[in-house]
Amino acid sequence: MSTASQKPLELILARNLMSALSTPAFLVDEGGLLVFYNEAAGVLLGKQWEALGTVGPEEWGSLFGPFDQNGEPLPYDDLPLVRAVRDDRPAHAEFEIRSTDGEQHRVEASAFPIQTAHGSRGAIAVFWPVAANGAGA
């Protein structure tokens, strides 16, 4: 495998951590490429990581969202994952996502940046369903 195609160690370690979490989580690289999501995210989204694989922001955005309360896609630059990478600081938001069976889920998401030793970046976002009364599920 060439060095150019290898992921930074920090993203590999983040993936290993996420695999052990029971909270749904996404991992993106600095370009917004979805490089992993854990089993808990797969259950909520209706599609396991192994069935989807690495996809760009247009594809994961059209599959899962996020969307505002009117069902409109949120601007890419406003997403917590994107803000965490861009601003190099944690970001949080509440929005709708859609599972592959079409079911909408209101979630809260918190994202935090990952800085690698080589200066490249990525971010992890953890998200969880919000109960109808606004309290976390």
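Student: Which residues does Phe127 touch, not counting residues up to four places away in sequence?

Tutor: Phe127 touches Thr23, Pro24, Ala25, Phe26, Ala41, Leu44, Ile97, Val107, Glu108 and Ala109. Contact means heavy atoms within 4.5 Å. This is a predicted model, where local features need pLDDT of at least 70 and side-chain atom pairs count only at pLDDT 80 or more, while totals for chains, interfaces and linings use all residues. Residues are numbered from 1 along each chain as its sequence is written, and side-chain values use heavy atoms, with hydrogens and water left out.

Student: Why is Ser99 called buried?

Tutor: Buried means under 20% relative accessible area, exposed over 50%, and partly exposed in between, with a 1.4 Å probe and protein chains only. Ser99 has a relative accessible area of 4%, so Ser99 is buried.

Student: Where is Ser99 placed?

Tutor: Ser99 sits in the loop between β3 (91–98) and β4 (104–115). Strands are DSSP runs of E with at least two residues, helices are runs of H or I with at least four, and both are numbered from the N terminus.

Student: What makes the link between the side chains of Ser99 and Asp101 a polar contact?

Tutor: A polar contact is a pair of N or O atoms within 3.5 Å; within protein, one must be able to donate a hydrogen and the other to accept it, and residues adjacent in sequence count only if both atoms are side-chain atoms. The Ser99 and Asp101 side chains are joined at 2.3 Å.

Student: Why is Leu9 called exposed?

Tutor: Leu9 has a relative accessible area of 54%, so Leu9 is exposed. Leu9 lies in helix α1 (residues 9–19).
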